[in-house]
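Student: Could we go through this structure together? I would like to ask about a few parts of it.
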Amino acid sequence: MNTNESINSSNNYSSSSTSPASFNLAGETVAIPTIASASSLSSLTLLRDRCRRCQQLVYVTERIGPVKDSLYHKLCFKCLKCDRQLDFKTYFTNSIDLSDKEIYCQSHVPRSGKGVFSTENIHIQNVMKAPKLNLMQKLDDRLKSTNLDSQSVSIAHAMKAQQLLHLGREKISAIHKFPALPPDVLHAREEVRRAQKSLEDKHREEEDQLFKKFQVDRQLEEKKLEREVTDEWEKRLQLLTARYEDDLQKKRDQSIERELTLRFKKEKAELEQNMTLKREKKRELIRKQLMEKEQESTHSLVSKFSKEMITLIQEKELAALTENGLDDLQSANTFSLRQPPPPQPPHHRKRDLYQDPSIFEHVDQQAIAVAESDQTSYTELVDQLTYGLTTDLEKARAIFRWITVKDLNAIDFHNNLAADTPMGLLRGIKYGTETYHTLFMRLCSFAAIYCVDVKGHSKSVGYEPGMQIAEGKFTNTWNAVVIDGEWRFVQCNWGARHLVMSKDKKQVDVAPPKPTREKIKYQYDEHYFLPDPEDFILEFFPYKTEWQLLESPITLQQFEQLPFVRSLFFHYHLSFVNQQHAVIQTDNRGACDIKLRMPDSLKHRLAFHFHLRFAHTSMSEQAEDLSEFQGVRLERYVLHTVQDDLVSFNIHVPQEGDYFIEIFASLVEPDPNPFGQSFKLKCVCKYRIACKNLIQRMHPLPACASGEWGPAKAIRHFNICPLTHFQAIFETHQLPIIIKFRCPKQLKFHGKLSSNQYSSINHDQSIISNSAASNGLDKYVKYEYDEYDFIISFIIHLPHDGQYGIDLYA
């Protein structure tokens, strides 16, 4: 039970009587003398103004309380058991022992529990016999001041049992500490925190001045814009009016005057509309220019703050070590003021740091919990984020996950933000002056982690394979952070994802349940946390060569020629077998192929698809659909097959020109639903295909179901194994053709035959019923089913020579 209390701190002491006076304080009745000397009153005030935790003076700006007649520093307001940082929403007090003045978190607050306690209970009998123990004797002494009658005996022993439980439990040692501080000087962490908060307050004052300057500059630019637009409006309106009046003087009859007046009103309305549009466009341009300037100023200031913060933390750590006699040669070498290493390729790959993100489950959950609560200072925020974490890897992870979970772009800010409020902490996000990478750098400095931002180009929205990147186009900024003495990349903006709540089944006339932690899944992109430089360079190109972190740096032109990939390519551990460039040249038959390799662990779980389209509208005869040529879908010019761990796309484009092919992938989970369609295909890579000379045009494939050819799909989705034909294409001179499969269970089947020589209707259907006969070829397909061995045999008779395709549905 939460026992947060509303406490009146303005207790009045009367000096008009010599008898003791009683008053109520936090639910307890105490007596104090009302006559005291000046010195004793001074001592009492001094005692009351000291923090209960550290016994240091508490000033108004940093105090919390009184709680149970005790004051705390904000950073000292922590659980007695586990030292977890608390606030007025999260602290609890002991409702069992009223003399206990301590505060606790929800997990460690003493509770009486449920149930009936009596002398007949064997566990309570054992507790009643316990007064012989020293520990129980202490509890009896603490309970002497409490008035309990004979009717309260069960409550008294229940309270003693609860005290035994909690006094016998070891205190959790999970204090937030920096790696530089050894266990015997952890008390110095409080001093570091206080110093951090003091420096943060100083920084905030400087930052507030910058925000005021931004506000003044915006107002001046708005006034300047309004003045310019008004002046131009008045001049153009004056010219329009003068012309109208001149035309009126030249008029010959009344009908012309009316016509001139109507024309004047129409031209005036058009002028007003044009001026409004011009003002909005100019305002948007000025706003963008101001925001870029403000972001640069904010970044410069935060960069300075970050250096000062890291220096402060290191100085405090070094001082703490020196005070504790740890100033020998080894300690001096290890804990002296450290400097970040120069940018150079890391010696270890990402997989050397961690194999699976599940090792960060406790870190991620802590970041999510912190993101769901409010903080009023960066010191408090980072202290909660890095609570119990000891390595730079874990701390950087916690900060990354907090930013990706927070969904900063969707925060609903109030118009008036005080700097010392939870929302005021992120006011830079509200006003657009602070970006993800600047915030990440700021938070890392509070955890004593070196972090910088890196500027360059990226293959972001609007970029197509093979594009040349002009100066000032496709610009982007990301972070580089020092982990284990090596620089690693972090891209918070691309790693951020929104949260998704699981869908409950629809119930009639029932209100939807409120979302709980169990029903919320926080999505993010794992690839953009510490990616390897060899992978990162496929999407991001820094202006400064050294920040490629590559053994052999590349040029911008080489960057443009690299394959166009998305993060799922790395998430599924795919690799290129051929086609190492973004633009693929076809031969004189319009042919080319793309091959990707899957890891063995995923080759039976990954499904692929593709989309082929013209690169320019003018190339397609049907401009409204870039995916068709002369009424035929372009996908029929692509043979997509899977053989073991190799994914192939054999392409024959129908005419000269440029095309784009986008390749998609998704995991197929076992038995997701009766139809096996639980996955959502997402892009993994994309190419431009250039056909400059076409001598021989290929015919399209038969109009079968779109996508993959061959038996691999049957194995992947239904565990149906081929027994006779293992390739997607085969040639035969002998009829009938018999294709056999072994099934895991009894299934229903249907075969559909297609050919370009025969007209076909509804050839784009993905599921055909047994009674469907979209062309005249279905009668040539029959099947036999062995119910004992679960073997299905398709027997196919072809009416003529030629190219055929068959869809086998299960």
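Student: Which residue stands opposite Leu 596?
Tutor: Leu 596 faces Val 647 in strand β21. This is a predicted model, in which local features need pLDDT of at least 70 and side-chain atom pairs count only at pLDDT 80 or more, while totals for chains, interfaces and linings use all residues. Residues are numbered from 1 along each chain as its sequence is written, and side-chain values use heavy atoms, with hydrogens and water left out.
Student: How do β16 and β21 pair?
Tutor: Strand β16 (residues 591–597) and strand β21 (residues 646–652) are antiparallel, over seven bridges. Strands are DSSP E runs of at least two residues, helices are H or I runs of at least four, and both are numbered from the N terminus. Two strands pair if DSSP finds at least two bridges between them.
Student: What is the strand order in the open sheet?
Tutor: The order is β14-β16-β21-β20-β24, with mixed pairing. β14 (575–576) and β24 (708–709) are the edge strands, and each pairs on one side only.
Student: Now the helices. Where is α10, and is it mostly covered or exposed?
Tutor: Helix α10 (residues 378–385) is mostly covered, with eight of its eight residues buried. Buried means under 20% relative accessible area, exposed over 50%, and partly exposed in between (1.4 Å probe, protein chains only).
Student: Which residues are the buried ones of α10?
Tutor: Among them are Tyr 378, Glu 380, Asp 383 and Leu 385.
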